[in-house]
Amino acid sequence: MVTKEPEEPTKFAEGLGYQKLSVIFIIACIFGDIYEIILNFCFHFFGNNGQIFLERRSATIYGPFSVIYGIGGVILAKALAEKNLKWWQIFIRGALICGIAEIVIGYLQIWFTGTSSWDYSSHFLSFANG
């Protein structure tokens, strides 16, 4: 009788390949757009005495995609994909990456376009724009 050795099971979607990063990009784009819609609704609803004014924050002509959230999702997925990180290490790395990205993107926007999308200059520990 011949005994067959058990085969090693194949792992589903191991690693962060192009296809998986593409899916992360699309999902982050859509959730980023939904997040902006909810924030915008709350800001205008609670800040303007109940007057609702909705504005779209999508970065594309077609579809609910906010590209900067997609790029951020891919960068965070690549940066935080190590297997042996503790929860607090993931939190600190993610916060640092997002904070540095916001500062760099803000300065690049000012440098390239002369505009600013946010202003925290009146807040404690803010970086001055421009």
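What follows is a short exchange about a pocket and a helix contact.

Reply: This is a predicted model, in which local features need pLDDT of at least 70, side-chain atom pairs count only at pLDDT 80 or more, and totals for chains, interfaces and linings use all residues. Residues are numbered from 1 along each chain as its sequence is written, and side-chain values use heavy atoms, with hydrogens and water left out.

Me: Why are α2 and α3 called oblique to each other?

Reply: The two helices, α2 (67–79) and α3 (87–113), pack at an angle of about 140 degrees, with their axes 11 Å apart. Angles under 35 degrees count as roughly parallel, over 145 as roughly antiparallel, 65 to 115 as roughly perpendicular and the rest as oblique, and α2 and α3 are therefore oblique.

Me: Which residues of α2 and α3 make the contact?

Reply: Contact means heavy atoms within 4.5 Å, and the residues that make it are Ile68, Ile75, Leu76 and Ala79 of α2 with Arg93, Gly94, Ile97, Cys98 and Ile105 of α3.

Me: What is the volume of the largest pocket, and which helix gives the most to its lining?

Reply: The largest pocket holds about 1000 Å³ of space, where a volume is the space filled by probe spheres set on the grid points. Of the 25 residues that line this pocket, the closest to its centre are Glu36, Ile68, Tyr69, Glu102 and Trp118. The helix that gives the most to the lining is α2, with seven residues.

How values were computed
On a 1 Å grid over the protein atoms alone, a cavity is a set of points where a 1.4 Å probe fits but cannot get out, and a pocket is an open set with protein on both sides within 12 Å along at least five of seven lines; lining residues have an atom within 4 Å of a point. Helices (H or I, at least four residues) and strands (E, at least two) are DSSP runs, numbered from the N terminus. Axes are lines fitted to C-alpha atoms, for helices over the stretch in contact, and angles run from 0 to 180 degrees between N-to-C directions.
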